[in-house]
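Subject: Structure handover

Dear colleague,

Here is the structure I said I would pass on. My notes on it follow below.

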Number of protein chains: 4
Amino acid sequence: LQVNKLARPASAHRQTARIEAFSDGVFAIAITLLALDLRVPHLEHVTAGNLAHAILHEWPAYFAFTLSFATILIMWINHHARMAWVQHVDGLLIFSNGLLLLTTTALVFPTSLVGEYLTGPAGTTAVATYALVVLGASAAWNVFMIALQPERGLLLPGVPPAAVAATRRNVRFGFVFYAVTFGLSFVNAYLGLGLLVAMWCFWGATAYGALNVSARTHDALYNDLGEP
Amino acid sequence: LQVNKLARPASAHRQTARIEAFSDGVFAIAITLLALDLRVPHLEHVTAGNLAHAILHEWPAYFAFTLSFATILIMWINHHARMAWVQHVDGLLIFSNGLLLLTTTALVFPTSLVGEYLTGPAGTTAVATYALVVLGASAAWNVFMIALQPERGLLLPGVPPAAVAATRRNVRFGFVFYAVTFGLSFVNAYLGLGLLVAMWCFWGATAYGALNVSARTHDALYNDLGEP
Amino acid sequence: LQVNKLARPASAHRQTARIEAFSDGVFAIAITLLALDLRVPHLEHVTAGNLAHAILHEWPAYFAFTLSFATILIMWINHHARMAWVQHVDGLLIFSNGLLLLTTTALVFPTSLVGEYLTGPAGTTAVATYALVVLGASAAWNVFMIALQPERGLLLPGVPPAAVAATRRNVRFGFVFYAVTFGLSFVNAYLGLGLLVAMWCFWGATAYGALNVSARTHDALYNDLGEP
Amino acid sequence: LQVNKLARPASAHRQTARIEAFSDGVFAIAITLLALDLRVPHLEHVTAGNLAHAILHEWPAYFAFTLSFATILIMWINHHARMAWVQHVDGLLIFSNGLLLLTTTALVFPTSLVGEYLTGPAGTTAVATYALVVLGASAAWNVFMIALQPERGLLLPGVPPAAVAATRRNVRFGFVFYAVTFGLSFVNAYLGLGLLVAMWCFWGATAYGALNVSARTHDALYNDLGEP
């Protein structure tokens, strides 16, 4: 009987283990592939000064790399926290998770666009495309959270419904925010980018706080609910 | 004795653990590398309108990216479900799994082809190449399912022979379907592509339904058979 | 006491778990990156026939892709089998493992070379470079097997010394074989490539047989020796 | 009660499991992507001799590849050893870990720079950029070790405070060393590179020794402190 009690969390966990592993893999690869956009400049006249100048001139690429890296990192932290609630896996969860991974993976494309076109006359198009892909990721998060609604029966017993509802409100707000950002990007590239950075700071601060609460109480965010 | 009972699933599982981890890794990387085909357009006259036009003009690349992403995602879901049946690993299983990973990895090549040539006069060749690689993946699935035939003794006790037989019929049908699609791709590129999309919808709907049954009954598809 | 017996394999395993996970990751990525060498041909006059011709013309790239894929797959199978013997991890094991991963990763470079230059006058140089990198991987395997010598105390109790000695003989023979292949590659590119393929068939058949024995006896190759 | 004792390490471990898995993934991908900088030379007149000459001419790329491979490998070994101390995860740990992964990932960029510009007049700029990214990684390690200060309560009980303090001194020394190296790189490219190699030898020897102690005593470095 005691042995059974021990065995249960392991087998319950198995339903989500490979999804977490696969998603972790995609997040890790998507975040690392961003570095391929940091391109070595090709110079006509090679001097130490020219190379330094050319490297510094590529600052939008470093900025876009850092922004996307932070975005994917925070998405991974949140994905981790939400998957910790899950006991059973159904079609909607798997497919919304797939849509989330697709948009995360696709982020490498507008990151390149922003890195190459931000400072020129096509900066608005580049940032708007970036905002559009982030909007797609936000849509995926919204479907993902619909899949996690308590009444659908995928959650572990003991996950507080209020926490689920709060996350749903957050991702709905995020969707509206990114839709507005998409529109404003056409007005001014730096305005659009500023809003994306601001949103990242908000998600980052939220995750930072939640992780600290989790560490202090030894459960909360990463609570696997396996120990009473 | 109780302890032995507990230890058995863990050690039985160890035979498949690294194969699943390695395959997950290859699926995750192959699916993410697809994003490298979303290339930044290079413009002669940079304006916001020209960039937007050039981005929209690349729609076949986005379409091919989405199709291949969905294809690999569904292959991963099915791989996951089939590996959950496996207790022991032999040469045929490992090598057919390797062939499956090879064809999955190679999918990035015809995805590029379709993204670049779909709308032009070489669209038929591009789609036929795509269908040929998918046909190769289907062949690998067929060998994989031969390796899982119940009489070969690799399956966990309790896997219903009817489920194995149904999967074998599915992958045999898939092979014929892709062979026909390969032939028809030479007639018309969009016809070939339409058949590939239709097949994807079929596999997707099947997996979606199976995952829902699995979630509702708390076993079926992902049943690890470790708990009676 | 019974609980301790149960806990031991888990904690002993933890010493090798992250090395296996990291190595699996590198093998999986190295094998998948090979696909990036399957490049879309760029045509001056785009017709269905021209594209088909250009795709078929790239056959050395497909051949090199398949050869390297098979090589890395078999290295992964063997790595898996040898790591299953390991209980403790020391500096020599970690660093020889690192050298093995470095040479495996580097294999993407001569794969490209062979894909591009095999059929021309520089085929000998391309194949010799390929053989040289494989020779480096073989050197890494030899150091790896030195690290696993029974008297160094890293192995699990119960690993048969005869099996370790047999593997050491195999990898020593491999090193000599690849050194000879490297030399003969300068004479004729296809001779060198034929020897590499022959060796791959030999390793493949050996692994295939060992995996079948393992499946039949339910231990042998993947025996984790955790259960008596 | 005995069962509880067994269950605790597993559930405590779960807090760090996905961070280790994700970090392992990023390290593994970053180390493997380096190989993409080993570029196939394009020749005007293809002969076996010309190709051999062109391959040998690219030696700075092989050197940079090996240096970065070794750097990331040692960072992974150390990351592994430090994460083995951790019981709880908070915001500072996750974000400093993220900064560490970002700088590790970014290393592919100066690796390309050094591979392409080392021998020419812009060698100083290339090596200085390399040193700057390593300096960033060192800064991340310093924040990471601040997160692991014993009084912050994230460590497993039993981690010796002296070991933590020694690591903190090491990473602080590393930061000063890399800052000096950055400055000296502008004087002479080979001087800067020599210092980076020397530091790598130092970290490598330290890790090698620590791993050997760990193997001999069956705990130390990789001690998960789960067994008394």
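Helices here are DSSP runs of H or I with at least four residues, numbered from the N terminus. In that numbering, Val187(A) sits in the loop between helix 7 and helix 8 (189-217) of chain A. Please keep in mind that this is a predicted model.

Val187(A) belongs to a nonpolar surface patch, together with Phe175(A), Val176(A), Val180(A), Leu184(A) and Leu191(A). Helix 7 (residues 161-185) of chain A gives the largest share of the patch, 4 residues.

The other item is the interface of chain D and chain C. Chain D brings 47 residues to the contact and chain C brings 43 residues. About 3900 Å² is buried between the two chains, and 72% of that comes from carbon and sulfur atoms. Of the area that chain D buries against chain C, 14% is supplied by Thr32(D), Val40(D) and Trp76(D), more than by any other three residues.

As for polar interactions, 4 residue pairs are in polar contact between chain D and chain C, counting pairs with both residues at pLDDT 80 or more. The number of salt bridges found across this interface is 0.

On the side of chain D that touches chain C, two or more residues each come from helix 1 (2-33), helix 2 (48-57), helix 3 (59-83) and helix 8 (189-217) of chain D. Helix 1 of chain D has the largest share, with 11 residues. Sorted by class, this side of chain D holds 29 nonpolar, 12 polar and 6 charged residues.

Regards

How values were computed: Residues are numbered from 1 along each chain as its sequence is written. Chains are lettered from A and ligands numbered from 1 in the order in which they are written. This is a predicted model: local features need pLDDT of at least 70, side-chain atom pairs count only at pLDDT 80 or more; totals for chains, interfaces and linings use all residues. Side-chain values use heavy atoms; hydrogens and water are left out. Contact means heavy atoms within 4.5 Å. Buried area is the accessible area (1.4 Å probe) that two parts lose on being put together, summed over both. A salt bridge is a side-chain nitrogen of Lys or Arg within 4 Å of a carboxyl oxygen of Asp or Glu. A polar contact is a pair of N or O atoms within 3.5 Å; within protein, one must be able to donate a hydrogen and the other to accept it, and residues adjacent in sequence count only if both atoms are side-chain atoms. Ala, Val, Leu, Ile, Met, Phe, Trp, Tyr, Cys and Pro count as nonpolar, Asp, Glu, Lys and Arg as charged, and the others, Gly among them, as polar. Patches are made of residues with over 30% relative accessible area and no salt bridge: like charges are joined within 9 Å, nonpolar side chains (Val, Leu, Ile, Met, Phe, Trp, Tyr) within 5 Å. Accessible areas come from the Shrake-Rupley method with a 1.4 Å probe; for residues, only the protein chains shown count as cover.
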